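Follow along in the viewer.

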Amino acid sequence: MSAPGQPVLSLSRLSLAFGGLRALSELDLTVGDREIVSLIGPNGAGKSTVFNVVTGIYEPSGGDVRFAGQSIAGRAPHVIAQLGIARTFQSLRLFMNMSVLENVIAATYGHTGATPPESVLRLPRARREEREARELAADVLSFFGQRLAGYRWDQPAYSLSYANRRRLEIARALATRPTLLLLDEPAAGMNPAETHEVTELIGRLRDERKVAICVIEHDMHVVAGCSDRVVALDHGVKIAEGDFDAVANHPAVVEAYMGRDPEALAESG
Amino acid sequence: MKPHGIAAAAALSALVLAGCGSSGGSGGGGTSAAAKKCATSIGIEAPLTGPVAVLGQEQLHFAELAMSMDNTANKTHITLVQGDTQLNPQQATTVTQQFTSNNSITGVVGPAGSQEVEAVGPLLARAGLAFISGSATAAALTTGTYPTFFRVVSKDSVQGPQDANYIVQNLHPKALMIVDDQEAYSTGLVAAMLPIFQQAGIKVDHESVSQKVTDFSSIVSKVTPATTVVVLPWQVASNAQQFGRDLAQQHKSAVIFGTDGLFSPGTFTINGSYVSSFGPDITAIPADASIAATAKAKYGSFGTFGPPVFAATHVLDEAIASVCKSGKTPTRASVLAAVKATNEPTSILGQPISFTSAGDLNNGKFFLFKIDSTGKYNLIPS
Amino acid sequence: MSFFFQELVNGLTTGALYALVALGFSMVYGVLKLLNFAHGDLYMVGAFVGYFVIQWFGGPQALHIPVPLLVTIMFVLAAVLVGFLGVAIERFAYRPLRDAPRIAPLITAIGISFFLENAALLLFGAQFRVYNTPDFISFSSGIQIGSVSIDAVQIMVLVMGLLLMVGLRLLVIRTRLGKQMRAVASDREAAEMLGINVNFTIAATFFLGSALAGVAGVMAGLLFNQVTNTIGFIAGLKAFTAAVVGGIGSLPGAMLGGLLIGIAESFITGYISSTYTNLLVFCLLIAVMLVRPTGLLGRPQLRKV
Amino acid sequence: MSDEALPPPGPEHADLGAPQLAGPQVGADEWVARQAQRHEHLPSWLGAGQRAAERAGWWPRLALAAVAGLLLPVLGLGGFQLQVGIDALVIALLAVGLNIVVGSAGMLDLGYVAFFGFGAYGFALLSSAKIGTNGIHLSSVLSIPVVMIATGALGLLVGLPSRRLSGDYLAIVTLFFGEAFVEFTNNVSPGVLGGPNGIVGVDTIHAFGVQVSSNKAYYFLLVIVLVVTMAVLRLLDTSRTGRAWRAVREDPLAAAAMTIPVDRVKLMAFAFGATVAGLAGTIFAAQQISVFPTDFDTPILIIIYAGLILGGAGSIAGAATGALVVMVIYDGLLRSPTDSGYLFYGLILLALIAKLRPWRRLALVLAVTAALGFAAHAIASAIAASWVAGGPQSTGLIADALRDWVIVPANPQTAGNVGFVLLVCLLIALVQLKGGWRTILLVPTLYVASFTWETVLSPNPSVTRQLMIGAILIVMMNARPQGLLGTRRVEVAQ
């Protein structure tokens, strides 16, 4: 299937080099409106690097990143986030010592504007924004049902289990009101049941939150279960693209996983 | 966790406990008993800890010495209350509040630094407490701003020019270096000396190094062959000794001319150096020999900061004693009056002590010494 | 020109001393990520040990053992005693705080600094204790190149500074202990799982670091002739500065930082004015840090995501 | 800083700071249980108090504290105590301000005291005869805001490096700035700044003909200013700004990815912190009617940090409490030998009560110690009168209590020094030992402690003062690393 309408995100001939090492070279990639694209590939293929370039952590050394029609290459991370690209991190990066609720509300900063004086005096705008932020937080947290139910809201993030930390990261990302959601290994460290849950969750995210999603995942069940389109990377180069079965059986992909380094598959299970 | 919470609580409640103690603790001392026994207290403000503790401790020791001697001589029961200022005006203020609110204190020795006097002068004036400094020499202090302030040492505006003129007339330097130690005492003297040198057409290299620094090699390197005199208006004698060592090590022939702080036989021993001091060499004054001996035995070697404080304490002791002799109980007012009226025919400083209306020492003498190859201080008759 | 070289020598000597103190400071930091503000006070204790050794053998004028032997004893004794003091401090004050917020040990260190400084004041009194080095190591034993004079102590400081740095470097790279140190430094938990005795390693690090401080203290005594209970503060500050400017945790960095500061001080004093030495040195160092945010030889913090 | 750097997930991990629970616990139930348990390990009355306080919410507590503070002078707090109060309040104000930068935004700012100095010097210049022919004696309603804004601006400037530098590298640069400030005021243009002589003859705070001159007035002013500042900062802390600060402290990179402009947020923290310091400076200068470079040197910085961290960085109430506690101990109690005596023995006793269980053992230790003391004293006096000729040096009740118990030789100094060293060794040994041996060693330790106090510590109050504050800092940090009112945090190496 192909992306309906004009793409939300499009990378054209994107390149990134650390010194000599070419992390990405000439990469073309598009994510259509409310499309779910999976990035797969062995470790070190440059999947997370793509996210880091898109979200402005790294500046591309060549090519362009266009989001909703405008070029965002080289913009500051918080600006890009405000434009509507939210992400989660492979190595969880929650605000560990802040409460669950605070973690989510903190992410509304970019869409609120109360100045310190307003906040201190609790002027109308500040009060309104606080109320809205809470409603939004309650909304996105409720998305995970009982997992992040009310009685957990005041617990510090570090008291959560891995699975819940991953959920909280997604909730926090949703609080930035994204149109594009980048999920970096959302199922890592989860048991089969939870993994299955994640697969459904990704689908629901697209349907209920109306976001386009680009997901990096090693667990092929997840990839197979949720992707509209799969893109395989190796050494920063796109080696295959298409629906899951096509890509999974693509010789280049098989070679990337099996051929060179068998243990890659073992790792990426 | 369990004991910790309690430990913290324990600490806090200990505060409260101690707080209760304080109410009973301070302020007592009973002026009622004083009438019979002539019991009262004197506070001493000095840098007893911190970077210049060496000065403060010496001052404290000599104050204790004077007090014990006077107590036995006058059959008084005066006690000494310590106040550590670290040569810091803010701390001096706190200490002064401690003293002014302690009714048993009827006189104060110190504070050591001119800037401290400036900070606490108004407070002590309001409390009507006489305070006598043994080392605050800034000229501005005795312009009548602080009515209860006295000092047993002369001021920069006298010593500075005197020393400067001596250097100009007797040492005839073409060029000289003058190094202040970034303390009020030192900068004051330098300010008083500089114009005279410039007037005499001497090329002056004005340097400045913090008291805490003990490495002078790079300044010493700046001493040119033409520079025959280095003026060190410093407070720490051993620093000057090191300066002299660096001069020798770099084969510089300049002569060191130091002021009060450098007077420290046994510590500052650079051959051919001059030291001008507001205190005499009490080891050389027969009358003071016993004091010097006791001090040396009890506290080890000492410099020039002790004797003036000894004198200051002695003045207060005598004032209190005189009040008691006249059958009155020593109060701040009576002690202040007695201090104003002080007229000691002789003193540890080898000169009579009496004060001008502004609190300055009347015709304060200076003593100029030249150090010989054995490190002995020889008085230069003026 | 000779003036230039004289100032250079002065700067190098002072710098080498700073570097010595910084080495130990940087070592402890490397392993524990702890800013040990008590380091300077260990240096002070070392200086006192040296002083008492001199007194013990008859005082500077009347030594009854050969000077080289005396100096050796001073260094060894200072190193050992201060080393164990450091170990005791670590066990007593820092170990309980290993997993505490990083800022908590900072206050403990300050508390220890207060304690040591004033314990010395209580025990040894406030007056300056004087080494009188020239009485037993005469200036003539130094070198004289033109009008530039370098005395024996200065040479000794420079040489020992270099030797100790090289030695430490070898120790850290080559020896088993060094490997363990690096392991603990990079990840304590992992090191523990690999069966490395973390407590021992950290104690050893503290011993070495403190011993260095002790040696530096004796050096300072020989160089500046005087000891008092307050010399630790400035030394600690310089060590901290040198270590961070050089790239904290890196031993060559500490050395470089120390020398840089020493030379900067002496040249600013020499060519501009001693009045502004500190002010300008601080400004210079701020500039350095802005150009190289992780110090001269510090590895840039990679931000893996 | 990859996965293994992260703390392991909840159940295994959430025990940080909190005591281990017996039996299996999972997820939230465990957390909830632990919250409830937090009170149980306290003595009932303390636990009850804590629960009550927590139920009350922050502003009633603050109001209560304010009222208590304002009542103190009425209850006869005067002279010295008032001065200590003022000093403490100034430091508390500074600690609360510093808490923004260190506690909330998590940046180590070692130049903070310079903002205090800048504010003080600024006010001094604007309200003295220093500038112009007869000076600009600006009304305080103008000068104070002006100075505060100027200090805030300076804060922005000094904060700029925080965009590139982090952690200890930022710390050192700010430290340089702080040192540079002292050097500047001490050496640059003595004509205006007065060099080491500082600026004297500064006006008291005055506006509309009203003069704030008496210490009592300044005390009240400071209490009000502190409370208002705390309230403002509390409101700010619970707003989007405060959350952004904490988010940046926790993980700058994630914060940026969550729409938070990290650099701007950091600068804001610096600016707010500086502004508070500036305010404190103006009041300080006006109250002391003079400013000197040494007032803004490192020792003050140390005290501020000690207060902040002792109270618990990150907690506004903690910062204020910690600063007040430290200052009352350091500047108040420890200055008077009598009080520090009570503090010394009080702390020992209370520590024993807290640490030594069961009660039987405590009683035993005390009894044995007492017996040992009297026996030793008797023997000593039997051998030679001079051995006990000294008599306890501390005054008041303690002296009477200890007269026939503690040995004090005629010349206590040397003996005392030995005792002091011995005491330190014993304490270290105490930490090393376990169980029964520790209890046994406790007895001689207690006696040596008392001996040392009576022989050398009490007669040298000013040195002892420094020793005690050092020891107290060490012990308190070891007892509660997260500070009195702080909450334990997990730290993820970034």
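The model is predicted.

Start with helix H14 (residues 298-311) of chain D. Twelve of its 14 residues are buried, so H14(D) is largely enclosed by the rest of the structure. Among the buried residues are Ile300(D), Tyr305(D), Ala306(D) and Gly311(D). They pack against helix H4 (104-124) of chain C. From chain D, their partners are H5, H6 (112-126), H8 (167-187), H15 (316-332) and H21 (461-479). The length of H14(D) also checks out: at 1.5 Å a residue it should span 20 Å, and its end C-alpha atoms are 20 Å apart. Gly312(D) follows H14(D), with a positive phi near 115°.

Next, a contact between chains. The axes of helix H4 (residues 89-100) of chain B and helix H5 (residues 79-104) of chain D come within 7 Å and cross at roughly 155°. Angles over 145 degrees count as roughly antiparallel, so H4(B) is roughly antiparallel to H5(D). H4(B) contributes Thr94(B), Gln97(B), Gln98(B) and Thr100(B) to the contact. H5(D) contributes Gly79(D), Phe80(D), Gln83(D), Val84(D) and Asp87(D). Those residues divide into two nonpolar, six polar and one charged.

Last, strand S8 (residues 212-216) of chain A. Five of its five residues are buried, so S8(A) is largely enclosed by the rest of the structure. Ala212(A), Cys214(A) and Ile216(A) point one way, and Ile213(A) and Val215(A) the other.

| Strand paired with S8(A) | Sense | Bridges |
|---|---|---|
| S3(A), residues 36-40 | parallel | four bridges |
| S7(A), residues 180-184 | parallel | five bridges |

Ile36(A) has Ile213(A) as its bridge partner, and Leu183(A) stands opposite Val215(A).

Key: Residues numbered from 1 in each chain as written. Chains lettered and ligands numbered in written order. Predicted model: local features only at pLDDT ≥ 70, side-chain atom pairs only at ≥ 80, totals over all residues. Axes fitted to C-alpha atoms, helices over the stretch in contact; angles between N-to-C directions. Helix = DSSP H or I, 4+ residues; strand = E, 2+ residues; numbered from the N terminus. Parallel < 35°, antiparallel > 145°, perpendicular 65-115°, else oblique. Contact = placed C-beta atoms within 7 Å. Nonpolar A, V, L, I, M, F, W, Y, C, P; charged D, E, K, R; others polar. Expected span 1.5 Å × (residues − 1). Buried ≥ 20, exposed ≤ 12 C-beta atoms within 10 Å, placed from the backbone. Pairing = 2+ DSSP bridges.
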